Amino acid sequence: MNPQVAVSVPFAAQTRPQSAGAIPKLAREEVIPLARVELERFLALIETLTPEDLAQPTDCALWSVKDIIAHQGAHVLGLTSARETLMDQFNPLKFRDYSARGMNLLDAANQRMVDQRARWSLAELIAEIRDNMERSLAGRQRFPAVLRWMRMMAPGYDQPFTVAELIDSIYTRDMWMHRADIARATGREMIQTAEHDGRIVALVVRDVDRRYKAKLGGRAVTLHLTGKAGGEWTAGGDRPAEAALTMEVLEFNRLASGRIPTQQVLDQGLAKIDGDKDLARLALRHTMALY
């Protein structure tokens, strides 16, 4: 080979990432250990907060840091029993006043639970999570099988999911993302490890891959997520990737959770695009998962 001659390497040949479709689904034996570590890390973070931190605004436009903690405390309590979840927290009769104000059912249920804790102190909010932690973990395992396989839809999300996915995975992912919200709002470090946070991110990528398969017409992109919890995957199709998106892992999850719109990602340079730019932008518009 003449060293003076530049050789053009096809984009797809430049990297050999893992297929997102090969990411293993969450195993039953992973559910409790993953949830336990996330609960412990969430508690460790909020125990460092000051009264001033509680009023800080977050990426969740209607909620302060305190509101997010209240929201998570309600979820921990809700998982202690199916009755608590279905007969109180997600009973439409309990939040019809919120629905009457135009909120969808999910937002109405969540806002009611936050408002119920509006006068609680930080110590009371922490105690609710800590005191119900073990019962909440046990409740995930006791949830009736006949209900676990019920399919449901979430507002703004066009793919069905099961109650089992909600209990086993999405609740833990939601706490993880809210831990990121609090860290971002208060300037705290978000502790991340490849083993724990990386597994949660991989499960998000697995879900994003399913959406890409439905929206990208069989074409594939490479996702290169930087940071301790990141990784590199080909998503969307079985053909060689025609484009690549490089993002910091938490910014990717802010996008996937709907906290920031695609245009903001592009305007602020939060994603580096290589290869087919139109395909990459299409992928960004369909980067969505449930949290």
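The model is predicted: local features need pLDDT of at least 70, side-chain atom pairs count only at pLDDT 80 or more, and totals for chains, interfaces and linings use all residues. Residues are numbered from 1 along each chain as its sequence is written, and side-chain values use heavy atoms, with hydrogens and water left out.

Start with the sheet. Strands of a sheet pair through backbone hydrogen bonds, either parallel or antiparallel. Helices (H or I, at least four residues) and strands (E, at least two) are DSSP runs, numbered from the N terminus. Two strands pair if DSSP finds at least two bridges between them. Here, five strands form an open sheet in the order S1-S5-S4-S6-S7, with mixed pairing. Its edge strands are S1 and S7 (272-275), and each pairs on one side only.

Now look at S5 (residues 231-235). S1 (residues 18-19) pairs with S5 in the parallel sense, over two bridges. Gln18 stands opposite Trp233. S4 (residues 221-226) runs antiparallel to S5, and five bridges join them. Find His224 opposite Glu232. Then find Thr222 opposite Thr234. S4 and S5 form a hairpin with four residues between the strands. In this hairpin, Gly227 takes a positive phi near 115°.

Next comes helix H6. This helix covers residues 105-116, which makes 12 residues. From first C-alpha to last, H6 reaches 17 Å, close to the expected 16 Å. The expected span is 1.5 Å times one less than the number of residues. Asn104 caps the N-terminal end of H6. A side-chain oxygen of Asn104 lies 3.1 Å from the backbone nitrogen of Leu106.

Which residues of H6 are buried? They are Ala108, Ala109, Asn110, Gln111, Arg112, Met113 and Val114. Buried means under 20% relative accessible area, with a 1.4 Å probe and protein chains only. What covers these buried residues includes helices H3 (65-78), H4 (82-89) and H5 (96-100).

Finally, the rings. A charge sits over a ring if NZ of Lys or CZ of Arg is within 6 Å of the ring centre and within 35 degrees of the ring normal. The charged end of Arg117 sits over the ring of Trp120, 5.3 Å from its centre. Arg173 lies over the face of Tyr291, at 5.8 Å from the ring centre.

How values were computed
Buried < 20%, exposed > 50% of the residue type's maximum accessible area, 1.4 Å probe, protein only. Contact = heavy atoms within 4.5 Å. Polar contact = N/O pair within 3.5 Å; in protein donor to acceptor, adjacent residues only side chain to side chain.
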